[in-house]
Amino acid sequence: MAKTKNIYVCQECGYESPKWMGKCPGCNGWSTFVEEMVTSRKQNAIPTSDKNYTPVFLENIGTDEEERIRTGSNELDRVLGGGIVKGSLILVGGDPGIGKSTLLLQMCEDIGNADYKILYASGEESVRQIKMRADRLGVKTKNLLLISETNIDIIEGVIKNASPDLVIIDSIQTVFKEEVASAPGSVSQVREATSSLMRISKGQNISIVIVGHVTKEGSLAGPRVLEHMVDTVLYFEGERHATYRILRAVKNRFGSTNEIGVFEMQDKGLMEVQNPSELMLAGRPLNVPGSIVTCSMEGTRPMLVEVQALVSFTNFGMPRRTATGIDYNRVVLLMAVLEKRVGMQLISYDSYVNLAGGIKITEPALDLGIIAAIASSFKDQVIDPHMVVFGEVGLTGEVRGISMAEKRIIECSKMGFKSCVIPKANLKGLKPIDGIKIYGVENVNEALQIILK
């Protein structure tokens, strides 16, 4: 006989407690416990199965390439590792209004035209509203089935009857399971609904894409186990009022997690950006102190970005430090290197560092560009607009080597830059590249003499 009891569950991490607590011991969050009712059933016997659980030797397992469904978007396929793997479970997260549902509905057009059957289950919109959005985006495929439902058991029955190749759930926070007494969107409901979808995906070899909400801190709402259960986690980055969007994979069992996809929001939906370097440098000011171009590697793709810095004198005793798109602690560390190794007295100056384009990059290769931008603004000296710098900077002021330097320099040459300052360690084995002059530096002082000459 089933028994019910009340427990308190943290809505941030899923920690369970028999009584309410103000602070969660699991994630240290305050006022995150919500009372939920759970049902426990007594297990009378050990479950049995007719499956054969004989282990298989590694060398006897076939290595045929996984079947993938092409989405019709080169940017999305790149992030997924070549397309959607059959039987995979994908979680897409991002801020409200950033374009999650738009991208998935656009994806249905090309997948449907490739003779794949798609089921789009929405708990946030009616089928008429989805139809209106599809007309605006130009989605006219005949292989797209729509359903407006929040009961996961009904959705499971529809999937069984329709036998689609791809299922889209929009969103996981709106669906619920009747056996779970808590409200939709709670930790228990999200966990049970995702577990049911995972069983369908693996058991029937159906690819399922789940849309997930995010919290005000930017992380996915619901228990952390949600990200562990799925095969791939994709995040949409960028301001909802801005034009450009970055799609990044933070987990991918079938591909790299370093690739990114760049999209532009237009009237007809999200459009691919084939050359992100050109996009990030659009509107770059020339002959202005505090602006420099550096190169970052996103997976196998080099991308040129502009680093801007503004250093201004302050009358207050505590100078202000601000970083946008770059790790704040890294910026403070590099400013300490400038003070100790170069002799720049920044203690009385406010410093603002910005990565233009609305993206976030944590690669150490941007260190030299950040230092050059801060030094340029501090000394009010203009940097050659046709120069690119990149390299990792250590605490002793040395400039350390980075990976794939040749690919970065080739990208700089394609974009019309004439000179490049790189770590001296990367000069070894580097082939000359026509049209661009390369400077190898060992420390920050040597680099700034070339950059600010």
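Which residue of β8 is the bridge partner of A121? The model examined here is predicted; local features require pLDDT of at least 70 and side-chain atom pairs pLDDT 80 or more, whereas totals for chains, interfaces and linings use all residues. Residues are numbered from 1 along each chain as its sequence is written, and side-chain values use heavy atoms, without hydrogens and water.

Helices (H or I, at least four residues) and strands (E, at least two) are DSSP runs numbered from the N terminus; two strands pair if DSSP finds at least two bridges between them. An open sheet with mixed pairing is formed by 9 strands, in the order β8-β7-β9-β10-β6-β11-β12-β13-β14. Strands β8 (144-148) and β14 (269-272) stand at the edges with a single partner strand each, so one side of each has no neighbour in the sheet.

Strand β7 (residues 118-122) runs parallel to β8 and is joined to it by 5 bridges. In β8, I147 is the bridge partner of A121. Helix α4 (residues 152-162) packs on the sheet and touches β7, β8 and β9 (166-170), its direction making about 165 degrees with that of β7. Contact means heavy atoms within 4.5 Å; axes are lines fitted to C-alpha atoms, for helices over the stretch in contact, and angles between N-to-C directions run from 0 to 180 degrees.

Helix α5 (residues 187-204) packs with α4 at an angle of about 10 degrees, the axes lying 10 Å apart. The contact involves I152, E156, I159 and K160 of α4, and A193, S196, L197, R199, I200 and Q204 of α5.
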